[in-house]
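This report describes how two chains meet and then turns to some features within each chain. Please read it alongside the sequence and the structure shown below.

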Number of protein chains: 2
Amino acid sequence: VAGFETYTANLGVRGESPDFLCVRATVPNPLTAAMFTQSLFPGPSVVASRRHLAQGDVRGLVAISKNANVGNGPEGEADMFAVLDAVGAEIGLRADQFLIASTGVIGRRYPVQQMLARIDGIRGGFGPADFDAAARAIMTTDTHPKVVSAFVDGATLVGIAKGVGMIEPNMATLFSFWFTDALLEPQFMESAFRSVHDRTFNCLSIDTDTSTSDTALMMSSGLKRGVSPDRFAETLYQEAVRLTEMVAADGEGATKVIRVTVDGAVDDWSAKLIAKSIVNSPLVKTAVHGADPNWGRVLMATGKTRGVEIDLANLSVMFGNLTVYPAEAGVDLFALTDLLRRNSVDIAVRVGLGSGTATVWGCDLSAEYVRINGMYST
Amino acid sequence: VAGFETYTANLGVRGESPDFLCVRATVPNPLTAAMFTQSLFPGPSVVASRRHLAQGDVRGLVAISKNANVGNGPEGEADMFAVLDAVGAEIGLRADQFLIASTGVIGRRYPVQQMLARIDGIRGGFGPADFDAAARAIMTTDTHPKVVSAFVDGATLVGIAKGVGMIEPNMATLFSFWFTDALLEPQFMESAFRSVHDRTFNCLSIDTDTSTSDTALMMSSGLKRGVSPDRFAETLYQEAVRLTEMVAADGEGATKVIRVTVDGAVDDWSAKLIAKSIVNSPLVKTAVHGADPNWGRVLMATGKTRGVEIDLANLSVMFGNLTVYPAEAGVDLFALTDLLRRNSVDIAVRVGLGSGTATVWGCDLSAEYVRINGMYST
């Protein structure tokens, strides 16, 4: 992607794996769009990034993994600015020219002195953007880096993401960072970015828990002209779906992706509520995990959705191509078990009342999720 | 409890353990109050019970465990009436004089012929109410029967409950059946019953899943006069808390009860939303399970609560008597780990904005929950 350089390193935040990513634009006026967690308890990284974005002169990104720097009071905010000031001093930017994203355990302070010592001298380490290394540097309990890329009319689009637990983005996302050299109209980029995220990452739930640190951003250097907005938006959507599915598949302890499609709801909002109720149901998730043909739980999860309309007479439920409700002749439990043994399980609910649709992504719930999260901080 | 008889048996619904309970009032005009699931997909038992309650002549209860008889279409409804007709014929009641509650797997029909054969002749089996046997007959994956009882001014109050999974009652409850011989004013009984359930069973969540079959009821034979309404209501509340805690402790795979108290919220409704967000967070539940002192997850779960106000400057969080936020001197992680190792974990959040309070109950999330529910139907 023309117009960006990256630097990754281990700053000693926790362990020896990379925990620091800095991306800087090499053009003076990159375009930036971003969305953040809707948590009532956002971390200082989110608070500062919102402010810097509003100031309109963002030139770079700092992302720190393995520690969210949340719940540390004024000291945590001071730690963050110490890091940003030090990075900025290296590459000639002010702290308020960065967006910053930080992810990991909550309520523990950065090892600031060690981090500052390792930031010293990084100016010489920047080089052509390496997004594989960037994706690796933002991992927490991710088992592999998540990168997608595509060409559009001669421009390049790259997206990286992280996130495996504490994932039910709400009008924002986990970490999803997009870089492109396509020259885009600012308003178009903002709306395409938001629209695509609402239909992809905001339709993803691993465990119903919304992070204090979710951050999604897109930066464009604008160095490649002549890119069709329609093709760009379509490419962004396709790649965002791919990245969303990668994140779902790597959910903590996950062995299967669950995709739930609802159509025929009164409106899209209702469809999404029903779909989320199903994909988030621990009983649906455990049945998928165990390949237990307990399809009635989809009825239960549909029925527990608050604030939507359903019509029992019109409702139907399918797993893959197999209709389980209504099923006058009974459900073929062997066929259903076979479908549930695949590593991707599709559930479709037809409400039969209107034209509202939604697709959401999630994953199964395993004993491994419990194991990982019963000892995460220690 | 004067004025009631019970009968329990195995009707062959599934396996050999008791799966059938019938309670009949021996007085002609018992008082009955009841609440049912708010699921959009209630089972025929709930639909019929609502209708029978409205008709105002309820004389008995039929409860069937191990099969919810939900999602079976008109055939399921016909099966239910066949059972009620047969039981009614034995003891001289019409089908519409029963409340019926059925719990277990969804989408599987009753083995009706076998059940009818075993109902034949039960009239001779009724005897003085045996609520231990009754509590045993309504168990599904419960590991033990759940019964409480108390005396109030010479009257007796007995409550039984079941429920271990698919439990987040919403304006209703799992199965909670109460019987008393206290003579009560109808309006007082109705309001006391609802008020107490709203503060106990409706504040319980094991896994966020709302059953299609939740049923709570109270029947009074009215044979004991002179009972103080205030003392009755207070006794009912105390016993309902006990029964709620018993259900939480026996949550599928649970090893610990989690009790979350929120105070200082703008109103009680906000306090309950925050408390539910915490007690339902899989990351809080797994941390408690593993005794991992990852207290930051309580901040996360507080922050993700939609539609409430919090004020970061006034917020505080405690585990037992240990304040973890704000904690200028740092959190004593060893003391916190000790608290988390107990079989009952108290979390308190003070919002500092108003006088809204709530207490909710839940349990930890274990690998055993995943195991039970990955093979429940098979």
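This is a predicted model: local features need pLDDT of at least 70, side-chain atom pairs count only at pLDDT 80 or more; totals for chains, interfaces and linings use all residues.

## Salt bridges and polar contacts between the chains

On the side of chain B that touches chain A, at least two residues each come from α8 (282-289), α9 (296-303) and α11 (367-373) of chain B, and α9(B) gives the most, with 6 residues. By residue class, that side of chain B divides into 23 nonpolar, 23 polar and 6 charged residues.

## Extent of the interface

Taken over the interface, 52 residues of chain B are in contact with 53 residues of chain A. The area buried between chain B and chain A is about 4300 Å², and carbon and sulfur atoms give 61% of that area. Of the area that chain B buries against chain A, 15% is supplied by B:Leu40, B:Phe41 and B:Val370, which is more than any other three residues supply.

## A helix pair in chain A

Within chain A, the axes of helix α2 (residues 73-91) and helix α3 (residues 112-119) come within 10 Å and cross at roughly 5 degrees. Angles under 35 degrees count as roughly parallel, and α2(A) and α3(A) are therefore roughly parallel to each other.

The α2(A) side of this contact consists of A:Asp79, A:Ala82, A:Val83, A:Ala86, A:Val87 and A:Glu90, which meet A:Val112, A:Met115, A:Leu116 and A:Ile119 in α3(A). The residues of the contact divide into 8 nonpolar, no polar and 2 charged.

One residue of this contact, A:Glu90, also forms a salt bridge with A:Arg123, in which the closest N and O atoms are 3.0 Å apart. This pair links distant parts of the chain, since A:Glu90 lies in helix α2 of chain A and A:Arg123 in the loop between α3 and β6 (127-128) of chain A, 33 residues apart.

## Backbone features

Where the backbone is concerned, a cis peptide bond joins A:Tyr325 and A:Pro326, with omega at about -5 degrees, and A:Pro326 lies in the loop between β13 (322-325) and α10 (333-340) of chain A. In chain B, a cis peptide bond joins B:Tyr325 and B:Pro326, with omega at about -10 degrees, and B:Pro326 lies in the loop between β13 (322-325) and α10 (333-340) of chain B.

A further backbone feature is found at A:Lys66, whose phi is near 85 degrees, a positive value in a residue other than glycine. A:Lys66 lies in strand β4 (residues 60-67) of chain A.

Note on methods:
Residues are numbered from 1 along each chain as its sequence is written. Chains are lettered from A and ligands numbered from 1 in the order in which they are written. Side-chain values use heavy atoms; hydrogens and water are left out. Contact means heavy atoms within 4.5 Å. Buried area is the accessible area (1.4 Å probe) that two parts lose on being put together, summed over both. Helices (H or I, at least four residues) and strands (E, at least two) are DSSP runs, numbered from the N terminus. Ala, Val, Leu, Ile, Met, Phe, Trp, Tyr, Cys and Pro count as nonpolar, Asp, Glu, Lys and Arg as charged, and the others, Gly among them, as polar. Axes are lines fitted to C-alpha atoms, for helices over the stretch in contact, and angles run from 0 to 180 degrees between N-to-C directions. Angles under 35 degrees count as roughly parallel, over 145 as roughly antiparallel, 65 to 115 as roughly perpendicular and the rest as oblique. A salt bridge is a side-chain nitrogen of Lys or Arg within 4 Å of a carboxyl oxygen of Asp or Glu.
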